[in-house]
Amino acid sequence: MYELLILGVLRGRDMSGYKLGLVLEGSLVPRREISNGVLYPLINRLAAQGYIEITEKHDGPRNKK
């Protein structure tokens, strides 16, 4: 279920995993919190299957994917 939501959101634009989590939480009804332990494995699985591409941005103390 979350895979389709992730692909739908990313179809419109690129965003970091953190921002993606916020957008997904805001779009789910009733409101649900998506933990990083669920979100990032889904992102990695979609990247391994070739549906999305992960890029790293090195600005600031933390890296963004």
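Helix 2 and helix 3 cross with a right-handed geometry. The model is predicted. Helix 2 spans residues 17-27 and helix 3 spans residues 36-48. Their axes come within 11 Å and cross at roughly 115°. Helix 2 is therefore roughly perpendicular to helix 3.

Helix 2 brings G17, Y18, L20, G21 and L24 to this contact. Helix 3 brings L39, Y40 and I43. By residue class, the contact of helix 2 with helix 3 holds 6 nonpolar and 2 polar residues, and no charged ones.

L39 was examined in more detail. Neighbours within four places in sequence were set aside. L39 then contacts G17, L20, G21 and L24, together with I6 and I34.

The largest nonpolar core numbers 11 residues. Its members are I6, M15, L20, L24, L28, I34, L39, L42, I43, L46 and I52. Helix 2 and helix 3 each contribute at least two residues to this core. Helix 3 gives the largest share, with 4 residues. L20, L24, L39 and I43 belong to this core and also take part in the contact between helix 2 and helix 3.

P41 also lies in helix 3. Its relative accessibility is 40%, so P41 counts as partly exposed. P41 is 40 residues from M1 in sequence. In space, the two C-alpha atoms are 14 Å apart.

Note on methods:
Residues are numbered from 1 along each chain as its sequence is written. This is a predicted model: local features need pLDDT of at least 70, side-chain atom pairs count only at pLDDT 80 or more; totals for chains, interfaces and linings use all residues. Side-chain values use heavy atoms; hydrogens and water are left out. Axes are lines fitted to C-alpha atoms, for helices over the stretch in contact, and angles run from 0 to 180 degrees between N-to-C directions. Angles under 35 degrees count as roughly parallel, over 145 as roughly antiparallel, 65 to 115 as roughly perpendicular and the rest as oblique. A crossing is left-handed if the near helix is turned anticlockwise from the far one by less than a right angle, and right-handed if clockwise. Contact means heavy atoms within 4.5 Å. Ala, Val, Leu, Ile, Met, Phe, Trp, Tyr, Cys and Pro count as nonpolar, Asp, Glu, Lys and Arg as charged, and the others, Gly among them, as polar. Buried means under 20% relative accessible area, exposed over 50%, partly exposed in between (1.4 Å probe, protein chains only). A nonpolar core is a set of buried Ala, Val, Leu, Ile, Met, Phe, Trp, Tyr and Cys residues joined through side-chain atoms within 4.5 Å.
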